[in-house]
Amino acid sequence: MNHYRNNPTALRQLVRETEIHKDLYIDEEVFQLEMEQLFANTWVYVGHASQIPNKGDYYTTTIGTEAVIMVRHTDNSIKVLYNRCPHKGVKVAGETCGNTGKFFRCPYHAWTFRTDGRLLAIPLKKGYEDTGFECSEASQGMAPVENVEVYRDFVFCRLSPEGESFSDFFGESLSTIDNMVDRSPEGKLEVAGGVMRYMHHCNWKMLVDNQTDTCHPMVAHESSAGTAIKVWEDAPEGTPKPMAVELFAPFMSPYEFFENMGIRVWENGHGHTGVSDSIHAEYSDIDGYWDQMVAAYGEERTKEILGDVRHNTVYFPNIMIKGPIQTLRLFKPIAADKTLVESWTFRLVGAPDKLLERTLMYNRLINAPTSVVGHDDLEMYERAQEALHSRGRDWMNVGRLYDPAEKDQKNVVVNGTSEMQMRAQFRAWLKYMSIEA
């Protein structure tokens, strides 16, 4: 115990140019330091404004392992509060979502707080006269997260009072969010179809790594996507191609396809697969959608928006967005060996319902606890989480297509099977763990 705490040299030594130490995935002390530092120093996704459309609406979630509330304040702004009563520390909002009206009420002693966290009322308040209460922390109410940014209705926060600005942290990577929102003829998204939650018994970084790992689909998913393709090939001639097959089939694309589609590596651990092509590029046209987009944006801009078919965009530390299929996956760390995965789907406001149908089907087939594709990945994660405890080898290799000059490169496009994006994530890990060399 305490091998890594207060020992930046030991932490720094976990990351080499082309190798990473297994303790990054299995050591509980490293995990706790990530919660204290990495998830405080980065801008982390909280939720979407459409989840709280009305004043008093709230949604509870976690940033790292910190419980927070996203709430629509009385002035229609969005606030993020630590979900803790300043009196005796009780969690104030116990439900996942709801409407609290104009104030929150603690279920223990009935202290009440405005929706921006300020203390509103205390029962038997006279009992605090001449006690110095006005100078106490409790008098300040529920603690707000001071650094909150709403970007095109996506809500992010940074727990640390000091640090990198939102725009500096994300930079050009925000273009993925822009593209997903712009796919709506009205330039607006809303959460639709609920959320699928799926517990993974593995470290959260395994899921993040996998989003730009393009050498595994044709191997790990042969049992699921490969089987679907074989069944379809045996269908009678003239059978209409099911939407499910259209969604499954690209997972079995050959190495050459993934090599040629490219990976874009941004700063601070952000990046995406699918620069020139992707598994989302050949979906069938939806009647009426093109005309709606042209009416909203003009033909040239519509071609630009719909021609951008990025595959997986990683926003470091823990979300992945698929713009062309309107999904977001959030990898919520629970412990060194446990991660809750949330898969969210969005409606393109003003677009044909068939697009939402395709989004929901994709989420069910690929990301759901009952999916077949997701189970392929989960089996690999859990095998790794177990086997990394074994002796004999302490280092994992992320050296595919390594270039010593890449450390100084920014916002570059590389071979689609390069592991440069993974290496960039671990360099970002060092930076936001406050131990960058």
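Student: In this predicted model, which residues touch the most other members of the largest nonpolar core?
Tutor: In soluble globular proteins, nonpolar side chains tend to be buried together. Here the largest nonpolar core holds 79 residues. The members that touch the most others are Leu24, Phe154, Phe156, Leu328 and Trp429.

Student: Which phenylalanines does Phe156 touch, leaving out residues up to four places away in sequence?
Tutor: Phe156 is one of the core members with the most contacts to other members. Its partners include Trp43, Val44, Tyr45 and Val46. Asn147, Val148 and Glu149 are also among them.

Student: Which helices do the buried residues of H8 pack against?
Tutor: Helix H8 covers residues 222–233. Its buried residues include Ser224 and Gly226, along with Ala225 and Ala228. The buried residues of H8 pack against H9 (243–248) and H14 (373–387).

Student: Where is the cis peptide bond that involves Pro317?
Tutor: Most peptide bonds are trans. Pro317 lies in the loop between strands E15 (313–315) and E16 (319–322). Omega is about 10° for the cis bond, which joins Phe316 and Pro317.

Student: Is Arg152 buried or partly exposed, and at what relative accessibility?
Tutor: Arg152 lies in the loop between E10 (147–151) and E11 (154–158). Its phi is positive, near 50°. Buried would mean under 20% relative accessible area. Arg152 therefore counts as partly exposed, at 31%.

Student: What is the phi of Asn411?
Tutor: Most residues other than glycine have a negative phi. Asn411 is in the loop between E19 and E20, and counts as partly exposed at 26% relative accessibility. Its phi is positive, near 55°.

Student: Which residues does Lys407 touch, not counting those up to four places away in sequence?
Tutor: Lys407 is in the loop between E19 (395–397) and E20 (412–414). Ala424 is 17 residues away in sequence, and 7.8 Å away in space, C-alpha to C-alpha. The residues that Lys407 touches are Glu17 and Arg427.

Notes: Residues numbered from 1 in each chain as written. Predicted model: local features only at pLDDT ≥ 70, side-chain atom pairs only at ≥ 80, totals over all residues. Heavy atoms only, no water. Core = buried A, V, L, I, M, F, W, Y, C linked by side-chain atoms within 4.5 Å. Buried < 20%, exposed > 50% of the residue type's maximum accessible area, 1.4 Å probe, protein only. Contact = heavy atoms within 4.5 Å. Helix = DSSP H or I, 4+ residues; strand = E, 2+ residues; numbered from the N terminus.
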